Amino acid sequence: MVKLPVTRWILAVLMALLLLGAFLLSDLILQSFAGNIALNPPFLRQTSLPLRFIPVLQQPSSDELRSALLHYATSPIVPQQTLSEIRVSFDVLRRRSPCNFLVFGLGHDSPMWSAFNSGGTTLFLEEDPSWFKSVLRKSPSLRAHNVRYPTKLSEANELMKSYRKEPECMPPKARLRDNRRCRLALADLPGEVYEMEWDLIMIDAPKGYFAEAPGRMGAIYSAAVMARERKGEGFTDVFLHDVDRKVEKKFAMEFLCKKYLVGGSGRLWHFRIPPASGNETAGTFC
């Protein structure tokens with residue numbers, strides 16, 4: 001474990017304060033929302049959305065928020081992202097929580113993301129079995145799956161060139177579940193990943209800094225497919241970390257699209273992707 005310099009301790013304290021603010025704000029917002037529903041129950045009958053698209057009205061978990069607050073106030077290890085990068089996603093979560101939040105990656109920041117979305121569904125996907133066990137041993141309440149990726153970073157250029165030749169990779173046929181014809185599609189994830197409609201997707205894994213690592217090509221492609229398949233109202237907010245690296249940047253521009261890039265900070269980009277809704281152009285994501 002690395003000892004933190006003073007500036008890192010300051011960041012840890014700031015994270016604790018940010019979590020405290022999230023706790024107070026989420027409590028006020030959800031109480032207000034629940035009160036409006038109680039005063040106007042016909043809302044549930046008037047909405048045309050399927051039940052799975054209606055957010056569950058649930059009191060934020062004080063235990064979860066307090067545990068995360070305690071973790072970051074006392075731990076010498078702080079989240080992998082900088083405070084300015086975290087703030088980009090936090091601002092969106094503050095507006096959309098409780099929501100469905102899919103995170104590629106499991107780490108020291110996972111209790112924070114789960115706490116920010118208290119009352120919602122936050123699901124983590126992690127490729128390293130030993131790291132998966134280590135994190136869940138310390139934070140057993142996290143909802144997470146250990147998954148495998150079929151690609152290698154060394155294949156990135158070939159995957160970029162070859163995917164256009166496979167119709168099952170391209171709109172309007174692009175899909176994920178059981179799609180083994182498309183090498184970029186994450187076809188064997190746990191069922192709940194495909195069954196849930198994700199409001200936010202964060203890509204901060206798998207590893208992508210050495211040739212034999214899985215790389216984030218499949219995660220970026222699959223996030224784009226999920227966003228385009230959205231049936232509910234609104235956009236899908238996608239956050240991609242480590243965009244200073246060539247592969248992340250190249251695949252983001254190909255599948256998440258420059259025209260949907262709405263913000264970012266440091267090494268993090270924020271995309272807001274609309275559903276295809278039958279208006280897709282065959283042969284291109286952008």
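## Salt bridges

A salt bridge here is a side-chain nitrogen of Lys or Arg within 4 Å of a carboxyl oxygen of Asp or Glu. One such pair in this predicted model joins the side chains of Asp 199 and Arg 96, at 3.6 Å from N to O. The two residues come from distant parts of the chain, 103 residues apart: Arg 96 belongs to helix α4, while Asp 199 sits in the loop between α8 (191-195) and β4. Helices (H or I, at least four residues) and strands (E, at least two) are DSSP runs, numbered from the N terminus. By the salt-bridge rule the count comes to 24. Side chains of opposite charge can pair when their charged atoms come close.

A word on conventions: residues are numbered from 1 along each chain as its sequence is written, and side-chain values use heavy atoms, with hydrogens and water left out. Because the model is predicted, local features need pLDDT of at least 70 and side-chain atom pairs count only at pLDDT 80 or more, whereas totals for chains, interfaces and linings use all residues.

## The sheet and its helices

Let us turn to the sheet. Seven strands form an open, mixed sheet in the order β3-β2-β1-β4-β5-β7-β6, where two strands pair if DSSP finds at least two bridges between them. At the edges, β3 (144-146) and β6 (261-265) each pair on one side only. On average, neighbouring strands are turned by 15° against each other, direction ignored. Strand β7 (residues 268-273) runs antiparallel to β6 over four bridges, and Leu 268 in β7 is the bridge partner of Ser 265.

Helix α4 (residues 83-96) packs on this sheet and touches β1, β4 (200-203), β5 (236-241), β6 and β7; contact means heavy atoms within 4.5 Å. The direction of α4 makes about 165° with that of β5. Axes are lines fitted to C-alpha atoms, for helices over the stretch in contact, and angles run from 0 to 180 degrees between N-to-C directions. Helix α10 (residues 246-256) also packs on the sheet, touching β5 and β7, and its direction makes about 10° with that of β7.

## Backbone details in the loops

Two cis peptide bonds are worth a look. One joins Ser 97 and Pro 98, with omega about 0°, and Pro 98 is in the loop between α4 and β1. Another runs from Ala 205 to Pro 206, with omega near 0°; Pro 206 lies in the loop between β4 and α9 (217-228).

Asp 178, a residue other than glycine, has a positive phi near 60°. Asp 178 is placed in the loop between α7 (156-162) and α8.
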